[in-house]
Amino acid sequence: MITDYIGNTPMVRIMSYDKNELFVKLEGNNVFGSAKDRAALYVLTNLLNRKVITKEDTIIESSSGNMGIALAAVGKQMGLKIKIVIDQSISKINKSLIKSFGAELIEATEADSNGSYLKSRLKIVQDYLAIHEHVYWFNQYGNDLVREAYRETLGKEILRNVPDVEYIFVAVSSGGTIGGIAEAAKSYREDIKVIAVDVEGSKLYEPSTKSIKHFTGIGSSVESHNFKSADIDDHIIVSEIESIKGLDELLQNEQIFLGESSGCVYMGAKKYLDVHNIKGAKCVFVSHDRGERYFEMIQNLKELYHLH
């Protein structure tokens, strides 16, 4: 099965940056295009093996893109019924992929004051669960299995790739990825620092912010169980403008075309290391996906921010 090839993604050194040894874990090389492939495969396999779900049940999830794609694709491979709650911020290609993989879509239309649809999407999920039987909420925000998935797969893989890593930089959103990576890192060596990178407009570290967040793959308007459970050492916040400049830098200097959140994490890593005057350290940042799915949105944001 094609799902046999999820994982074992490349770890590549950023050669244009020489203050520290900075590596990027290229999760966009997973077969369905993102780090979310790992959680979808791990959790659904676990649930089927333990008979928590059967092929008669429906799996529902709220997603701005990558988790929806991963669940739709992995679910199709497993013969499962998948229902994804999306919103108007989803890119055309992500929406098309989820539908093409056979998932059913429900679209949220009400945004909050910061332009986030997350609360609206989660309400739709809760309302659906209240009136339908034989439904399992995947719940990347609060399912402990999601953290376990990233601990056992991506977290341990990073440590095999770079055994003497000192800093790991990860985007924060639903919290499962950074939570699982932190669990793996702290079990391996307690002195490894796990640094959360967030984007301006997210309410995770700035709950009173009035900034509008356009990025969909990073940040959140609510603190999830998995985020609160994550053993995070520190955090840094990066603007969307800085993030877009980071994407261009990686494209021009490294010939790596990455997704929106990856530009944010890359710039966050460099910014954090500079602010704290860290030199000669071995560092990893996680790139969740590739840039093709975000090309149109990034071009629109470049116009908005006058970056052309």
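Me: What makes up domain 1 and domain 2 here?
Reply: In this predicted model, the domain assignment gives residues 2-29 and 150-304 to domain 1, while domain 2 takes 37-137. The centres of the two, taken over C-alpha atoms, are 23 Å apart. In the contact, domain 1 takes part with 28 residues and domain 2 with 23 residues.

Me: How do you know what area is buried between domain 1 and domain 2?
Reply: The size of an interface is often given as the accessible area lost when the parts come together. For domain 1 and domain 2 that comes to about 2000 Å², with carbon and sulfur atoms giving 52% of it. On the side of domain 1, Ile 6, Thr 216 and Arg 293 supply 31% of the area buried against domain 2, more than any other three residues.

Me: Why is the pair Glu 27 and Arg 38 called a salt bridge?
Reply: The cut-off is 4 Å between a side-chain nitrogen of Lys or Arg and a carboxyl oxygen of Asp or Glu. Glu 27 and Arg 38 have their closest N and O atoms 2.6 Å apart, so the pair qualifies. Across the interface of the two domains, the rule finds two salt bridges. It also finds six residue pairs in polar contact there. Helix H5 (residues 144-161) gives the most to the side of domain 1 that touches domain 2: five residues.

Me: Is Lys 302 buried or exposed, and how do you know?
Reply: Buried means under 20%, and Lys 302 has a relative accessible area of 11%, so it is buried. Asp 248, with 24%, is partly exposed. Lys 302 and Asp 248 meet in a salt bridge at 3.0 Å, N to O. Lys 302 belongs to helix H10 (residues 295-304) and Asp 248 to helix H8 (residues 240-254), 54 residues apart.

Key
Residues numbered from 1 in each chain as written. Predicted model: local features only at pLDDT ≥ 70, side-chain atom pairs only at ≥ 80, totals over all residues. Heavy atoms only, no water. Domains from an automatic or database assignment. Contact = heavy atoms within 4.5 Å. Buried area = accessible area lost by both parts, 1.4 Å probe. Polar contact = N/O pair within 3.5 Å; in protein donor to acceptor, adjacent residues only side chain to side chain. Helix = DSSP H or I, 4+ residues; strand = E, 2+ residues; numbered from the N terminus. Buried < 20%, exposed > 50% of the residue type's maximum accessible area, 1.4 Å probe, protein only.
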